[in-house]
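This report is meant to be read beside the coordinates.

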Amino acid sequence: MDFHRLFEILDYQLQRFPQEVAFAGKESGKWLTWSTAEAVRERDAVSTGLLALGLKPGDRIGVLAHGGSPRWAIADAAMLQLGLIPTPVHSTARSDEIAFIAQDAGIRTFFVSNAAMLERLRNSGVIPKCTISFDNLPTTVGWNALRQPPDSADQKRLQQLRASIAEKDLATLLYTSGTTGQPKGVMLSHANLVSNIKSVLAISPIGPGMTAVSFLPLSHVFERMVTYMYQAAGMSIWYVDNIEHLPQALREARPHFFTAVPRVLERSYERLLERRRHLKLWQRKALDWAIALGERYPYAGQYGMPLTYRLQRWVADWLVFRHWRRAMGGRLRGIAVGAAALQPRLGRLFSAAGVDVREGYGLTETSPVVAFNRFEPGGVHFGTVGIPVPGVEVRIANPDAEGIGEIEVRGPNVMLGYWNQPEETAARYTPDGWLKTGDLGRFEQKRFLRITGRLSELFKTTSGKFIAPAFVEQQLLHSPFIAQCMAVGLNRPYVAALLVPNFSQLEIWCRENAVHWTAPPYMVLNPKVLNLFNLEIQRINEEYLGAAEQVQAIQLLAEPWTVENGLLTPTLKLRRHEIESRFAKEMEQLFAPKKR
């Protein structure tokens with residue numbers, strides 16, 4: 001048996017790799033599990049309940065959930081096999097965004113995961129014809145009431161509906177978060193997503209009997225596609241509904257693999273540094289040595305691992321790395337990272353510690369994976385987003401002297417188009433049918449794709465030089481003391497940057513350098529701290545940036561940029577216009593005439 005439509009993946013697992021634990025999720029502090037057979041039965045019961053509510057193929061069904069869960073996955077499969085169109089909404093979406101999506105997509109039925117999400121839906125002003133809750137909430141159709149085990153007539157109706165769904169039919173509608181303007185509904189077919197699932201599965205080190213932890217929101221196409229891939233590979237998926245519970249879940253589920261955004265790896269690294277302060281002197285020195293060794297991990301691209309490094313790594317593993325792996329469950333083999341740029345030093349460090357970290361690149365419009373660093377020898381080049389995945393073509397349009405141009409993509413994973421926006425859809429394609437991503441990049445070593453910026457974010461300084469801020473920001477993140485940054489300089493004489501320090505790393509430095517530590521709002525004004533950051537910027541300017549790109553002024557900020565405070569999109573990209581507006585005063589100081 002093979003699968004060609006998304007709802008067939010659970011059936012494929014049942015026939016090929018039936019799992020005793022296909023899905024697991026916590027309720028009231030305890031893990032509840034579903035075998036593959038139980039998940040299939042639950043899917044069909046939910047489908048029968050949805051039909052009883054009067055829903056018809058083509059209806060768009062909203063899903064507003066605080067996190068992934070077995071019920072989310074089962075509801076998704078139940079909708080897909082009826083020809084309903086799951087339309088997830090980010091749990092962090094603003095009220096006006098929720099209202100816009102509901103109106104634009106014509107959503108009249110919503111799934112909500114808990115009372116908090118129900119309240120968010122109500123606060124948006126959206127009044128669905130029907131609201132279904134995973135948590136059996138009052139005033140909604142609860143999960144238990146929705147489930148209706150199908151009789152023979154229901155089974156016949158389900159089979160008829162499944163048979164009527166073509167591979168190229170619209171499967172799901174996903175609204176891009178966008179850094180400006182209203183979100184757009186991306187239409188993805190079964191064929192779009194299935195092609196990407198099979199492409200990425202072919203180059204991933206996963207298989208039957210392995211365990212994955214899923215904690216990224218299923219409203220993001222990356223995590224949703226990956227969980228389909230786990231199902232197809234015959235893996236157990238343990239859902240974590242709150243990232244704060246991740247460390248405990250890693251110890252309990254003991255996964256072999258998971259996907260993450262860079263911030264998750266940064267937080268794991270910060271926890272390692274937080275434990276450092278409680279160690280004895282010799283243990284701190286051993287940890288520092290192991291971290292420095294890991295950040296120089298040489299296994300990338302065409303380069304192998306020298307014998308001397310191999311021996312040093314063995315010692316570091318015995319002293320440090322094996323304990324770190326144990327804290328992550330002890331079986332973790334790989335982490336796939338996407339959504340934002342990963343600091344190469346962290347990719348190297350985790351990989352040196354025995355957990356291969358591989359960065360990839362994609363868009364909602366491409367279902368999503370375009371390129372990915374491989375797990376086999378010679379298939380990884382830290383600092384790049386890897387090699388185009390099988391079946392997907394990538395080209396660089398109008399490259400400059402350095403080989404940088406707009407990234408264009410063609411393949412079976414490319415979207416059907418934007419919902420209700422034919423002109424916007426047409427504008428995203430070249431005359432010969434390639435999708436214009438809007439991202440800038442170049443190929444290195446002929447096959448590894450490096451992202452250098454966003455076409456719409458380029459700015460020109462008054463010296464006439466074009467600057468790609470994302471490239472400058474990637475270089476600034478080489479500093480372990482910088483957690484977040486944004487390069488600015490449109491119509492200004494030079495490039496400057498707003499910086500959010502990595503306060504965990506900064507606190508360690510302060511303690512080791514006899515600098516009194518206090519609250520972040522005071523630390524960003526401390527002259528010794530400012531001197532540290534100026535030295536870091538000077539080092540990065542000299543090592544990584546060209547003359548026109550070098551940062552000439554910085555402003556330290558005490559509060560991190562988050563989705564909750566409106567400075568990041570739900571996919572953790574900078575809302576540049578919002579940051580510029582919020583910190584207009586600080587930006588003016590960056591370009592104020594220097595006092596003599």
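## Basis of the model

This is a predicted model, in which local features need pLDDT of at least 70 and side-chain atom pairs count only at pLDDT 80 or more, while totals for chains, interfaces and linings use all residues. Residues are numbered from 1 along each chain as its sequence is written, and side-chain values use heavy atoms, with hydrogens and water left out.

## Overall fold

The protein chain has 21 helices and 26 strands, where helices (H or I, at least four residues) and strands (E, at least two) are DSSP runs numbered from the N terminus. Its radius of gyration is 25 Å, close to the 25 Å that the globule rule gives for 596 residues, so the chain is as compact as a globular protein of that length; the radius is taken over C-alpha atoms, and the rule is 2.2 Å times the number of residues to the power 0.38. Along the principal axes, the C-alpha trace spans about 85 × 55 × 50 Å.

Of the 596 residues, 58% count as buried, a class defined by under 20% relative accessible area, with exposed meaning over 50% and partly exposed lying in between (1.4 Å probe, protein chains only). The chain exposes about 25,400 Å², of which carbon and sulfur atoms supply 53%; accessible areas come from the Shrake-Rupley method with a 1.4 Å probe, and for residues only the protein chains shown count as cover. Among contacts (heavy atoms within 4.5 Å) between residues at least 6 apart in sequence, 65% join residues at least 24 apart.

Helix α14 (residues 344–352) is largely enclosed by the rest of the structure, because 7 of its 9 residues are buried. These buried residues, among them Arg-345, Leu-349 and Phe-350, pack against α11, α12, α13, β13 (334–337) and β14 (356–362). Just after α14, Gly-354 takes a positive phi of about 95 degrees.

Helix α17 (residues 503–512) is likewise largely enclosed, since 8 of its 10 residues are buried. The buried set includes Phe-503, Glu-507 and Trp-509, and its packing partners are α11 (262–276), β25 (495–501), α18 (520–523) and α19 (527–544). Just after α17, Ala-514 takes a positive phi of about 55 degrees.

## A nonpolar surface patch

Trp-282, Trp-289, Trp-314, Val-315, Trp-318 and Leu-319 form a nonpolar patch on the surface, with about 690 Å² of accessible area together. The elements that give two or more residues to this patch are α12 (281–294) and α13 (307–327); α13 gives the most, with 4 residues, and Trp-318 lies in this helix. Patches are made of residues with over 30% relative accessible area and no salt bridge, with like charges joined within 9 Å and nonpolar side chains (Val, Leu, Ile, Met, Phe, Trp, Tyr) within 5 Å; a salt bridge is a side-chain nitrogen of Lys or Arg within 4 Å of a carboxyl oxygen of Asp or Glu.

## Two individual residues

Gly-209 sits in the loop between α8 (190–201) and β10 (211–214) and is exposed, with a relative accessible area of 52%. Gly-209 and Met-235 are 26 residues apart in sequence and 5.5 Å apart in space, C-alpha to C-alpha. Leaving aside neighbours within four places in sequence, Gly-209 is in contact with Gln-19, Gly-234 and His-256.

Gln-474, found in helix α16 (residues 469–476), is buried, with a relative accessible area of 17%. The side chain of Gln-474 reaches the backbone oxygen of Ile-451 at 3.2 Å. Not counting residues up to four places away in sequence, Gln-474 touches Ala-341 and Ile-451.

Technical notes: A polar contact is a pair of N or O atoms within 3.5 Å; within protein, one must be able to donate a hydrogen and the other to accept it, and residues adjacent in sequence count only if both atoms are side-chain atoms.
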